[in-house]
Amino acid sequence: MSTDTKTLDGGEFLVKEITANEIFSIEELSEEQKMLRDSAKEFIDKEVVPNKERFEKKDYAYTEEVMRKIGEMGFLGIAVPEAYGGLGMGFVTTMLACDYLSGSTGSLATAYGAHTGIGTLPILLYGTEEQKQKYLPDLAAGTKFGAYCLTEPDAGSDANSGKTKAKLSEDGKHYIINGQKMWISNAGFADTFTLFAKIDDDKNITGFVINRSELENPESLTFGEEEHKLGIRASSTRQVFFNDMKIPVENLLGERNNGFKIALNALNVGRIKLAAACLDAQRRILNYSLNYSTERKQFGVSINTFGAIRKKLAEMATGAFVSEAGSYRAAKNVEDKIEELVAGGMNHEQAELKGVEEFAVECSILKVFVSDLAQHTADEGIQIYGGMGFSEDTPMEAAWRDSRISRIYEGTNEINRLLAVGMLIKRAMQGKIDLLTPAKNVAKELMGIPSFDIPDYSEYMSEEKEVIKNLKKVFLMVSGSALQKYMMDIEKQQHLLLNASEILNQIYMAESAILRAEKHFSTDSVEAAMARLNLYKAVEIITTNAKEGIVSFSEGDEQRMMLAGLRRFTKYVNTPNPIALTEKIAAHFIEKGSY
């Protein structure tokens, strides 16, 4: 694996010119990681793909059976340290396993993600040594499965408003839990439950962990019927009811009143892992579409000869390339931060917690961008299949249904858009990142006379990197001016924050793709074409969102100056030809036959 990757801070990409040597991409996997990837892919192709119909027919027992096999292969314990029965591999490797085990069906992706993520990580990151020794080996081996009980009927995004209660027993040995949770993944076959409740009249929730098989009264933990869902049909999803359920006091997870922090940090990990879980789904949908568009004949020729179909295929491939670029870049940043903290004397669990927390902004960006794109890819897949795409006889309608939940999981995409900008502003106010100085510099630049010299862009990707540098100025211009106007009330301006978030997302993902292409591929490669096509489209999206923001909070000379700045900062010297780029990409993948 690359050793020249420098450790960056979360959100720093926005105020720093990042070089290609500072990012990691999937081309740099070690031989061990490639073997793990191939093993995961082979298992899915042999075990899961031929049996997809069983998942669509709500065969929950089969989901559990496949999960046990995944456990036997060691995939459930990749992130668990060897001391607790796992493989103790790095963050990039855990992303890789999630990527290649999750693409064939959302049912398995959900079961796997819920178990290895929110079902296991809270215990690993916040558990006592005794709790880790007790629960983690079974979770890592797949002899027991985990479920995470947070959401309640009246507490969705506002997780801390849950009404489930915990009361200390008279003898002081147990907490008595009463309440209800909903949308609990793996509930039907899980034994290890992480749950959240408020002790007495506490302001914040507290975490607990319990094995169902160890309850004094098994009837104190009951379940609703399996939910009948739009997608992920063989993912066990049930309501969970606590009826005077007794939990030993030593089963309190972390500290009292600290459950909300546990929940948030578990979700940060879940967000970047959810992006990984959408990657192979994009590749597989594209491969199905490439195959079908070759075989399907209309007017005597394959439909992949038609420009409208070729455009879709090119954009689907570009989306997969960009999604990979951002996801693995961020995963390596997290891994590098973890290693840095461990080298500084922090224990591994605490370092992992802090490492992911450091890149919470990037985690939210990835969750939103990749999950949105995954469903768009599935939607385009249906369109390429035409009427057959709407039929259960083809894989597209299941892919579309399964992908829909990804925009709701781990906090809705709307919540995550607001979170990304909010967390970035918070980091700036805490002095962790300096947004003020570069924002002031952009304001000064707006007052100055622009240069009319034609720069030399003969070096590979030099103009593209200059465009990205200027797009960062757009974000700083819009957000800086908006902050100056609204100050602490900025969080109430959700429309404006959504505009700012879209700009932020596009910058991070476009930069990731450009640097990946620069680092590993030549200027005339299809990868460079995909990076350039994505950047061109990102500029258009950023222009629209920035203009909406500017006219919403400014007027007169200030507005005219910022709109002029927007035109300056979104201008190419050599405007790309998006149709030519699209055709180059389509021709490549149609000839290759797969991504």
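Leaving aside its neighbours within four places in sequence, with which residues is Met-346 in contact?

Modeller: This is a predicted model, in which local features need pLDDT of at least 70 and side-chain atom pairs count only at pLDDT 80 or more, while totals for chains, interfaces and linings use all residues. Residues are numbered from 1 along each chain as its sequence is written, and side-chain values use heavy atoms, with hydrogens and water left out.

With neighbours up to four places away in sequence set aside, Met-346 is in contact with Leu-341, Ala-351 and Lys-354, where contact means heavy atoms within 4.5 Å. Met-346 is placed in the loop between helix H9 (307-343) and helix H10 (348-358); helices (H or I, at least four residues) and strands (E, at least two) are DSSP runs, numbered from the N terminus. Its relative accessibility is 28%, so Met-346 counts as partly exposed; buried means under 20% relative accessible area, exposed over 50%, and partly exposed in between (1.4 Å probe, protein chains only).

Arg-532, by contrast, counts as buried, at 17% relative accessibility. Arg-532 lies in helix H17 and touches Tyr-460, Met-461, Glu-464, Ile-514, Thr-523 and Leu-581, not counting residues up to four places away in sequence.

Helix H17 (residues 526-553) itself packs with helix H18 (residues 556-569) at an angle of about 170°, their axes being 10 Å apart. Axes are lines fitted to C-alpha atoms, for helices over the stretch in contact, and angles run from 0 to 180 degrees between N-to-C directions. H17 is therefore roughly antiparallel to H18 (angles under 35 degrees count as roughly parallel, over 145 as roughly antiparallel, 65 to 115 as roughly perpendicular and the rest as oblique). On the H17 side the contact involves Thr-543, Ala-546, Lys-547, Ile-550, Val-551 and Phe-553, and on the H18 side Gln-559, Met-562, Leu-563 and Leu-566.

Turning to rings, the structure holds 10 aromatic pairs. In the one formed by Phe-193 and Phe-223, the ring centres are 5.9 Å apart and the planes lie at 40°, so the pair is tilted. Rings of Phe, Tyr and Trp (its six-membered ring) pair if their centres lie within 6.5 Å; planes under 30 degrees apart count as stacked, over 60 as edge-to-face and the rest as tilted. Phe-193 belongs to strand E4 (residues 192-199) and Phe-223 to strand E6 (residues 221-223), 30 residues apart. Both Phe-193 and Phe-223 are buried.
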